[in-house]
Amino acid sequence: MTPKTAQSFHPDVLKSLHDAAKQRHRRTAILHNQLANKPDAQSYHQMRKKLNKEKFIPPLDADNTKCNIYYIKKRFMRFCSQNNHGLWTTAIRTKNCDKGLIMTFLHWICKTYLEPRRKRRKRSKQKSVNQYWRDFKMLYRRANEGRVINANDCAEIVKFDLDKMPKDKPVLGIDDLLLGLTHHWSRDRSVFPMEDDRLDLATIMLFQSYTAGRPAEFVDGTKSRGRKDPLLDEPEDHLVTDAVNQLGPDLNQTNPDDALDSPEHTETDTEESEEHSVFDDEEYDTDATEDTELDDNELDESRSSYEAEKESESLEETDEFGDAIRKHKALCYKDITLWIVQDPNRDGRDVLAMEVYLRHHKGADRKPKPTMFLFREYPLAILCPISHILARAIRDNAIDIAGYTSAELFFSTNLSKNAVKVAWKPSWLKRPVFRKSEKLQTEPMKYATYAFYLDRIGRDLGYEDKWTSYCMRRGTINAIIEKAPNAVVDQVARYDPNTGCKENAYLNYRVGYNVQDAYLERDPSADGLTRAFTHMSIRCNPEVPKEIPKEQFDKLPQDPSIVELRRTVTRRWISIRQQHGFIKMAPEDISKEYRQLQRNLKNAEKSFRDEMTEVFREAYRRRVHNEELERQLNGMARNQLQAILCDFDTTLDVHQNTKRKIRAIDLMTRQPRLSAPAPAPYKDSTPKHLPEKKSPSNNEKIPLVIDQRQCIYCVGDTALPLAVRLRKFSKPSNMMTHVEKVHLKHEPTVGRFVCHHPDCKHLGDFLRDLDHFKAHVQIVHGPQLRK
């Protein structure tokens, strides 16, 4: 009998087998150690007594819920500080927190955070106050050991004159998506920190459109403060009340946490609550995201991908068994399975397929309902998600098999099996697919970054409605409602059956059915108007400018509050420079106060510019439509006249010929006497009786920082004409000679000096000597004097 030979296996299989055996032995040892140290009967009795003594066991909140409670706590702290209610921990107690206090707190919320929206011509939504109210009830329950607010008072608390109408819910269809992707790839001239962001943005848009997924299923949707006890005071919490008291109520209105116009939302809200971006509660600056401000010079081009991969592997966290921990709630390579499938028809090339496992849906911590979607190849690469993911994987070098560095290799296979799975490198399995623009690229892309890029595409295309991630989600759900059964629609939307969320939150407000023709017993699908008006593309005007031109914005009257705030910042800057020399050398509390003033000024200026831009875009859009109607009106009579005069038919009888001549004569008389004039240039709305150019006034504001060629003495001499005060010498050396021979020779050699600049003259002789005077002029005002 022939002996059996040992079957040979690939080294990778044997290595995996040995690694699994070692890991199992390590797990067994750890579990045996834990089993030996398990609690005994006495320990369980002590645990029982301890649990019975606890009156309230806090619920296991999701990270976003913890953030919401923390943010409402910060607002309540500000409220207590401004209105002399003492410590927030004392004010929220059951005996102190009565119905009147809660109603005044909500009224303060409306006046502080929601009232400034009226500057931007927006009415505050009832839903916003309701969300604040829900967050406060959660804070109250946790701060009072499980006690709840009196149910009889709940109905009396939220009673404000606010807008109860729901927001518009625009739907983004395939035409809009294709237009946006075409602009993104071919016409967009915006700058990305890295070109990886351009690829990631297009891929996320395709995934959202094909899966109706929320953005937090693909990018990092967690807020800045999560996974912490919301009732714990942090070191910076005491600065909240100090900053409010220092800035005063007027400055607080300038920047009332504009990001809080819509509150942070809990996991139990409907879709409209989720539409808002993830706010940071520190300042309002929609453009200021870390992802969009990365300098290309910060990227270390000399680092090889292997070094970056090794360094990032060393940063991975492991559990007690040594397994890598999934740190981020975002789409990772482990959730994507790429397949090469043998051609089902047996007459062509092998095809690619992809499975995507979406697990981080809304409410996943409470009730997980993961969903897996199957993607197929599409002829157009711009609409093919497999092409985008394959490009992402090749750029990351994430494919386990060495040598697959080109897309051609995946499209030229000739499989002998039904299907083959493309494996990823083990080190890439728990890494996010869409990452921030940084050196290591290990952190997932933030939702705020994705929302900023998406809004930029909509503004560049001139859409009336703002592009948000939920526009695509509504488009997908509305597309499958009429074609898929309700069970599939609920599965795609990640909703429980018969909850009504789909109809309340995602159904298009524009009825997608020709009810008129149906009532008239005509074919309802006879025209394409229904499809055109139920999507966003009909309201697209690419010729609308993205922002108001600078020359027109400079002609607008300035907001008095911004002017006063700018003066406050300037005075504070002068004071710090005079006392400490440099801003960074000032004490920490003073520098923080100055930076807060700068942020307030920046936010106020941006808010004013954004509002004026929206008004300008809306007026421009209305003018585009009016010009088209005027062009049609002016050209209608001429077109009719051309048709009659160019009709050379001589077979008409006398009556018809006479009627044609009368029609031609009538149209000739209706022609305008002058040709249509070109659009008039913009003119300022200044009354005609005022002169267009004002003569220079001697009281005109002198800038704090002057030119290197201007004299520090002359600019402050009000006896001189303004032109002489602001004159510039041909070069700085001539200015220095002028100061020495005309001004300094009259100054005492020993003694204190006065800065003659208008902003410093009122300070008197605060400069110790000549050197101090020259240093002050150079540091504060700009010109350099000879030593």
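**Chat about a predicted model**

Author: Trp-339 stands opposite Ala-353 in β2. This is a predicted model, where local features need pLDDT of at least 70 and side-chain atom pairs count only at pLDDT 80 or more, while totals for chains, interfaces and linings use all residues. Residues are numbered from 1 along each chain as its sequence is written, and side-chain values use heavy atoms, with hydrogens and water left out.

Reader: OK, so how do β1 and β2 pair, and over how many bridges?

Author: Strand β1 (residues 336-341) and strand β2 (residues 351-358) are antiparallel, with six bridges. Strands here are DSSP runs of E, at least two residues long, and helices are runs of H or I of at least four, numbered from the N terminus. Two strands pair if DSSP finds at least two bridges between them.

Reader: And which residue stands opposite Val-341?

Author: That's Ala-419 in β4. Strand β4 (residues 419-422) runs antiparallel to β1, joined by four bridges.

Reader: Is α15 largely enclosed or largely open?

Author: Ten of its 13 residues are buried, so α15 is largely enclosed by the rest of the structure. Buried means under 20% relative accessible area, exposed over 50%, and partly exposed in between, with a 1.4 Å probe and protein chains only. Among the buried ones are Tyr-470, Arg-473 and Arg-474.

Reader: How many disulfides turn up?

Author: Zero, in a search of the whole structure. The test is a pair of cysteine sulfur atoms within 2.5 Å.

Reader: What about Cys-67 and Cys-110, buried or exposed?

Author: Cys-67 is buried, at 0% relative accessibility. Cys-110 also counts as buried, at 8%.

Reader: Now the surface. Which residues form a nonpolar patch?

Author: Tyr-44, Met-47, Leu-51 and Ile-57 do, with about 410 Å² of accessible area together. Areas come from the Shrake-Rupley method with a 1.4 Å probe, and for residues only the protein chains shown count as cover. Patch residues have over 30% relative accessible area and no salt bridge; nonpolar side chains (Val, Leu, Ile, Met, Phe, Trp, Tyr) are joined within 5 Å, like charges within 9 Å. A salt bridge is a side-chain nitrogen of Lys or Arg within 4 Å of a carboxyl oxygen of Asp or Glu.

Reader: Where is Leu-51?

Author: In helix α2 (residues 41-53). Leu-51 is partly exposed, at 43%.
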